[in-house]
Amino acid sequence: MTSLSALLLGAMLTLAGPAMAQDGPQRLPAVTLSLGMHKISAEVAQTPDERTIGLMHRSSMGASQGMLFVFEQAGQQCFWMKNTLLPLAIAFVADDGTIVNIDEMKPQTLDSHCSTKPVRFVLEMNSRWFDKRGIKAGAKLSGQPFKP
């Protein structure tokens, strides 16, 4: 390979960024959250790239594991399931940890699932996780990211 070819290839890879490099699931640092008597280990997606990738390309997730998406400011947050292999439940969460609304999402769809109020936090868990535990809007998460 000539030095010019190597330089061009390097520039293409740099410009392509994470989209080109992402061929498997990402793994992020986790926090422990509580929801009543239930403990959750939630990976934290806080950069735009981490939030974009989310739980894409995962073939399984533990029963008490999930992903917490953290946004810089409150707004209507909307999610879809492109390249996401697992059916998921999604909870839109206020700054104090109160669940605003919950929805179920089907894998590999572009259906939009949105918060009913402006929020900064979104928690994804395995499908029906909230329903199986009788957790509804108004329930309160606790843990490091949520203000008392």
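**Note on a loop residue, ring pairs and salt bridges**

1. Thr84 sits in the loop between S4 and S5, where strands (E, at least two residues) and helices (H or I, at least four) are DSSP runs numbered from the N terminus. This is a predicted model, in which local features need pLDDT of at least 70 and side-chain atom pairs count only at pLDDT 80 or more, while totals for chains, interfaces and linings use all residues. Residues are numbered from 1 along each chain as its sequence is written, and side-chain values use heavy atoms, with hydrogens and water left out.

2. With a relative accessible area of 5%, Thr84 is buried (buried means under 20% relative accessible area, exposed over 50%, and partly exposed in between, with a 1.4 Å probe and protein chains only). Leaving aside residues up to four places away in sequence, Thr84 touches Leu55, Met56, Pro107 and Gln108, a contact being heavy atoms within 4.5 Å.

3. There are five aromatic pairs in the structure; rings of Phe, Tyr and Trp (its six-membered ring) pair if their centres lie within 6.5 Å, and planes under 30 degrees apart count as stacked, over 60 as edge-to-face and the rest as tilted. One of them joins Phe79 and Phe92 edge-to-face, at 6.4 Å centre to centre and with 70° between the planes. Because Phe79 lies in strand S4 (residues 78-79) and Phe92 in strand S5 (residues 88-93), this pair ties together parts that are 13 residues apart in sequence.

4. The structure has five salt bridges, each a side-chain nitrogen of Lys or Arg within 4 Å of a carboxyl oxygen of Asp or Glu. Among them is the bridge of Arg120 with Asp95, whose closest N and O atoms are 3.0 Å apart. Arg120 belongs to strand S8 (residues 119-126) and Asp95 to the loop between S5 and strand S6 (99-105), so the pair ties together parts 25 residues apart in sequence. Asp95 is partly exposed, at 28% relative accessibility.

5. Asp96 and Lys140 also meet through their side chains in a salt bridge (3.8 Å, N to O). This pair links distant parts of the chain, 44 residues apart, with Asp96 in the loop between S5 and S6 and Lys140 in the loop between helix H3 (129-132) and strand S9 (141-142). Asp96 is partly exposed at 29% relative accessibility, and Lys140 is partly exposed with a relative accessible area of 44%.
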